[in-house]
Amino acid sequence: MDPASTRRRIAVVTDSTASLDHADAEREGITVVPLKVVIGADTFTEGIDVTPDDIAAALREFTPVSTSRPTPEEFLEVYRRLADDGVDAIVSVHLSKAMSGTFESAQLAAAKASVPVMCVDSTQVGIATGFAAGRAARVCAAGGSEAEAVAAALGAGEATTVMIYVDSLEYLRRGGRVGSAAALIGSALAVKPLLTLESGTVVPLERVRTTNKALSRLVALAAEAAELAPDGVDIGVQHLANAEVALDVARRVAERTGLEQVPVNEVGAVIGAHVGPGTVSVTVTPR
């Protein structure tokens, strides 16, 4: 019997904050479950009927913006569809549970699924979660077990360094993602904060006096993180309404790390709602 015919089929699921566009998700064989964004009184679905530009415009106009996780029922419907398609098990990789209830919704749905579902807290956000889901998908495509896929996703999340430049901490403060004291300190000192993630939570990394110095420091820190990875790295630059600066940062990171190119994309609407216009981030994941 052909070994491939007896191989367990394992699907990988993630959420829309992982910043995987349709082509990337389809190529990797990853199913994406969208989060919701509320602008004023209207609710939108990330990746379907709301864009990062919509979010940036709403924030600049001081229109109330909030986000919400997928419901357990929405996750369960995805898990059921995959099971009906013949999947034997599912690895569901999501953004930090300290930042969102998405992971909890996935767990609640997993308990009712007809096939085993292993939920993974990537402890990350943005493309870092996408990298973790991608690692899991590649393990599955190579014939690995769900336990090996989970280990790959967890390992990617734990090893990843995310550095974030924000024009203002105000948007993170509004969403409760950093303490109000940090926002007040940053505003009072007129500093440009660099942030990172620790144990899945946004924390201060450094305070820099000017935007130019902050972006130069972002490049330097990314290069330092890449140097610590002997087997190479995956690097991604993301931004919200700051494409020109993000492209320049990516070019400088590529020069410092010897990479031919560093990809740049705009954060999704959900993350954009919390970080605000002008944000630039660099994600470094060892291979």
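# Exercises on a predicted model

Ala-241 lies in the loop between strand S11 (233–239) and helix H11 (243–257). The structure is a predicted model.

**Exercise 1. What is the phi of Ala-241, and how exposed is the residue?**

Step 1. Ala-241 has a positive phi of about 55 degrees, although it is not a glycine.
Step 2. Its relative accessibility is 29%.

**Exercise 2. Where is Thr-123 found, and what is its phi?**

Step 1. Look in the loop between strand S7 (117–121) and helix H6 (127–141); Thr-123 is there.
Step 2. Thr-123 is not a glycine, yet its phi is positive, at about 60 degrees.

**Exercise 3. Find the buried residues of helix H5 (residues 102–110) and say where they sit around the axis.**

Step 1. The buried residues are Thr-102, Phe-103, Ser-105, Ala-106, Ala-109 and Ala-110.
Step 2. They cover an arc of only 160 degrees around the axis, so they are on the same side of H5.
Step 3. Recall the helix rule: an α-helix has 3.6 residues a turn, so residues three or four places apart point the same way.
Step 4. Now find the cover. It includes strand S1 (10–15), helix H4 (72–84), strand S6 (89–94) and S7.

**Exercise 4. Describe how H4 and H5 cross, and name the residues in contact.**

Step 1. Two packed helices are described by the angle between their axes and the distance between the axes.
Step 2. The axes of H4 and H5 come within 8 Å and cross at roughly 55 degrees.
Step 3. H4 contributes Pro-72, Phe-75, Leu-76 and Tyr-79 to the contact, while H5 contributes Thr-102, Ser-105, Ala-106, Leu-108, Ala-109 and Ala-110.
Step 4. Sort the contact residues of H4 and H5: eight are nonpolar, two are polar and none is charged.

**Exercise 5. Is Thr-283 buried or exposed, and which residues does it touch?**

Step 1. Thr-283 is in strand S13 (residues 280–286).
Step 2. Its relative accessible area is 1%. The cut-off for buried is under 20%, so Thr-283 is buried.
Step 3. Leave out residues up to four places away in sequence. Thr-283 then touches Ile-127, Ala-128, Phe-131, Thr-160, Thr-161, Val-162, Asp-234, Ile-235 and Gly-236.
Step 4. Compare with Glu-104: from Thr-283 it is 179 residues away in sequence and 25 Å away in space, C-alpha to C-alpha.

Definitions and conventions. Residues are numbered from 1 along each chain as its sequence is written. This is a predicted model: local features need pLDDT of at least 70, side-chain atom pairs count only at pLDDT 80 or more; totals for chains, interfaces and linings use all residues. Side-chain values use heavy atoms; hydrogens and water are left out. Helices (H or I, at least four residues) and strands (E, at least two) are DSSP runs, numbered from the N terminus. Buried means under 20% relative accessible area, exposed over 50%, partly exposed in between (1.4 Å probe, protein chains only). The arc is that of the directions from the helix axis to the C-beta atoms. Contact means heavy atoms within 4.5 Å. Axes are lines fitted to C-alpha atoms, for helices over the stretch in contact, and angles run from 0 to 180 degrees between N-to-C directions. Ala, Val, Leu, Ile, Met, Phe, Trp, Tyr, Cys and Pro count as nonpolar, Asp, Glu, Lys and Arg as charged, and the others, Gly among them, as polar.
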